[in-house]
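Q: I would like to go through this model with you, one topic at a time. Shall we begin once it is displayed?

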Amino acid sequence: MRSYNLIAPAKINLYLEIISDRPDGYHELAMILQSIELADKINVQSLSTDRIRVNCNHPQVPTDKSNLAYRAAALMAAKFPEALAQYGGVEITINKQIPVAAGLAGGSTNAAAVLIGIDLLWKLGLTKPELEELGATLGSDIPFCVAGGTVIATGRGEKLSPLPSLDHIYIVLAKYRSLEVSTAWAYKTYRQEFGNTYLKDTENLAARAAAVHSEVIVKAILNKDTREIAQKLHNDLERVVLAAYPQVLQLRELFATQPGVLGTMMSGSGPTVFALVESEAQAQAVKLQMRAAIPDEDLELFVTRTITHGIQVASSI
């Protein structure tokens, strides 16, 4: 049986701005997304039957049809029935390293890896834009996870414009293992509390451009100015999540007091909080300081860094 081993990196948001409502019920967003080295390992192997099977080493990850990786395989089977008939179904094995329900696109990056793995298994020859388009039908983060690197994401997050990649920034991640924040809740609550500030004239291009304030951090990224990037981090969803989840606020406030931390923010809808630092040594020191300040075993801490790519093929058999 042929198989592919793939590396599926997590992502953080360096910037998240909510612009307006969309007719499809989602929000119009302006985001800067960044791939990080922390990654899951995915094996995609052909089966002699037409079934889809999912295995995972993490007890909180479902292995049924609700799993995004399963849904990615089912999408490929529906889109390419002749390839399914020729090459058979797939067994997907997920070695989970990215914390679950963390706002780090763990499920989305697994799905992106499955799309790429099946494309290779079935010799479909799909282009990256074609894979991104397929991924967008499953989730807003999946196209980015296929592309990776550093990008501006607009629309509901599926329209991507590459920026010069950042590969020199070290990051400390903090997340309480038992704490989850519903993305749907975060956006719904933000709409309830701040919907009156949304851009109303969404067809006016000048008004749309004026409503977006990401140009300062984009300039810092173009200049690869780590300190300026760290100072211009922004996430609208902090306005509702930090008020409702004191543990997330605690992590953010504690990071801000640590020597060596250039900037800190919640990623996506949370509950992960990250800190940017200039070196791996500083990152390890900050991790130790956070652990000393919060010795709670429920708190997960990771040292990672920005990377320039999305899904990568590690090996094939």
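Q: Which residue in strand 5 is the bridge partner of L33?
A: The bridge partner of L33 is V151 in strand 5. This is a predicted model, in which local features need pLDDT of at least 70 and side-chain atom pairs count only at pLDDT 80 or more, while totals for chains, interfaces and linings use all residues. Residues are numbered from 1 along each chain as its sequence is written, and side-chain values use heavy atoms, with hydrogens and water left out.

Q: How many bridges join strand 2 to strand 5?
A: Strand 2 (residues 27–46) and strand 5 (residues 150–154) are joined by 4 bridges and run antiparallel. Strands pair if DSSP finds at least two bridges between them. Strands (E, at least two residues) and helices (H or I, at least four) are DSSP runs, numbered from the N terminus.

Q: And what stands opposite V151 in strand 6?
A: P162 stands opposite V151 there. Strand 5 and strand 6 (residues 159–162) run antiparallel and are joined by 4 bridges. The two form a hairpin with 4 residues between them, and G155 in the turn has a positive phi of about 65°.

Q: Changing topic: how many aromatic pairs does the structure hold?
A: It holds 3 aromatic pairs. Rings of Phe, Tyr and Trp (its six-membered ring) pair if their centres lie within 6.5 Å; planes under 30 degrees apart count as stacked, over 60 as edge-to-face and the rest as tilted. Y190 and F194 form a tilted pair, at 4.9 Å centre to centre with 40° between the planes.

Q: Where do Y190 and F194 sit relative to each other in helix 6?
A: Y190 and F194 are separated by about one helical turn, because they are 4 residues apart in helix 6 (residues 183–194). Y190 also pairs with Y198, and that pair is stacked, at 6.3 Å centre to centre with 15° between the planes. Y190, F194 and Y198 form one aromatic cluster.

Q: Is Y190 buried or exposed?
A: Y190 is buried, at 2% relative accessible area. Buried means under 20% relative accessible area, exposed over 50% and partly exposed in between (1.4 Å probe, protein chains only). F194 is buried at 14%, and Y198 is buried at 5%.

Q: What lies over the face of F194?
A: R239 does, at 3.7 Å from the ring centre. A charge sits over a ring if NZ of Lys or CZ of Arg is within 6 Å of the ring centre and within 35 degrees of the ring normal.

Q: Last topic: which peptide bond is cis?
A: A cis peptide bond joins G270 and P271, with omega about 5°. P271 is in the loop between strand 9 (263–266) and strand 10 (273–277). Most peptide bonds are trans, and most residues other than glycine have a negative phi.

Q: What is the phi of A105?
A: Phi of A105 is near 65°, a positive value in a residue other than glycine. A105 is in the loop between strand 4 (90–95) and helix 3.
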